[in-house]
Amino acid sequence: MAEIGIVIPAAGQGKRMGAGFNKQFLILRGQPILAHTVRLFEESSYVSEIVIVGAESDLLVIKELVFHHKFLKVVAIIQGGAQRQDSVRTGVQALSSTIQRVVVHDGARPLLTLQAFHRFLEETDEFSAAIMGIQLKDTVKRVDPSGKVLETPPREELRAVQTPQIFDRGILEEAHYQAEKVGYYGTDDAALLEWMGYPVQIVEGSQENIKVTTPDDLWLAERILAMREA
């Protein structure tokens, strides 16, 4: 398996959390959310390097977190851009030239397990671009700006996308370069590959691999970790 580098975008301010500071520093089972996220990759034998991309005002706190928890695989802590896409592009550039496979994972998604991550790597080894996602439980409607229903897409064709997302470095960098050149922004990195016409494979994720965005998410994350420790 090729050398793998991790890019963790952690610059979001988390306004929906209402904490008044970066949600990734909120305490989850005694440790910051971001510490849970980074530790997973620190412990993975497949990961060579980790880059954390944060807001300028948070860089010192992130450096202290990395030092305190002895995360030795973190090779760079850098300032993010205006959008998540800008942050990921900058993060990829900070990886060593030997890294040919890049995994992007949300800093606020701390419940990914080592077993699930390694299974994801094995299942996606043959794909140039692959993402994790789960089947939808609810029916989804497409609506117009007034709220009028336009259609009901077949639920079996839809997935709720998660991270990690993995890419061959060359095509990820090319997609970011082309998108930056024309000012195109996608909702995630996979969208850039789709925009470029590259095939993106989706593999099954986990209902527990939630992104902590609201107070309810933090409560649920606490419950999930408590059950794992029981």
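Biologist: Which residues lie nearest the centre of the second largest pocket?
Modeller: I134, A160, Q162, Q207 and I210 lie nearest the centre, and the lining as a whole has 17 residues. A pocket here is an open set of points on a 1 Å grid over the protein atoms alone, with protein on both sides within 12 Å along at least five of seven lines, while a cavity is a set where a 1.4 Å probe fits but cannot get out, and lining residues have an atom within 4 Å of a point. Please keep in mind that this is a predicted model, where local features need pLDDT of at least 70, side-chain atom pairs count only at pLDDT 80 or more, and totals for chains, interfaces and linings use all residues. Residues are numbered from 1 along each chain as its sequence is written, and side-chain values use heavy atoms, with hydrogens and water left out.

Biologist: Which element gives the most to that lining?
Modeller: β10 does, with three residues; strands are DSSP runs of E with at least two residues and helices are runs of H or I with at least four, numbered from the N terminus.

Biologist: Switching topic, which salt bridge partner does D86 have?
Modeller: D86 pairs with R89, their closest N and O atoms being 3.2 Å apart, where a salt bridge means a side-chain nitrogen of Lys or Arg within 4 Å of a carboxyl oxygen of Asp or Glu. The two are three residues apart in helix α3 (residues 84–93), so about one helical turn separates them.

Biologist: Is D86 buried or exposed?
Modeller: D86 counts as buried, at 8% relative accessibility, and R89 is buried too, with a relative accessible area of 14%; buried means under 20%, exposed over 50% and partly exposed in between, using a 1.4 Å probe and protein chains only.

Biologist: And what else does R89 form a salt bridge with?
Modeller: R89 also forms one with E180, with the closest N and O atoms 3.5 Å apart. Because R89 lies in helix α3 and E180 in helix α5 (residues 169–182), the pair ties together parts that are 91 residues apart in sequence. E180 itself is partly exposed, with a relative accessible area of 46%.

Biologist: Last one: where is R29 found?
Modeller: R29 sits in the loop between β2 (27–28) and β3 (31–32), and is partly exposed, with a relative accessible area of 36%.
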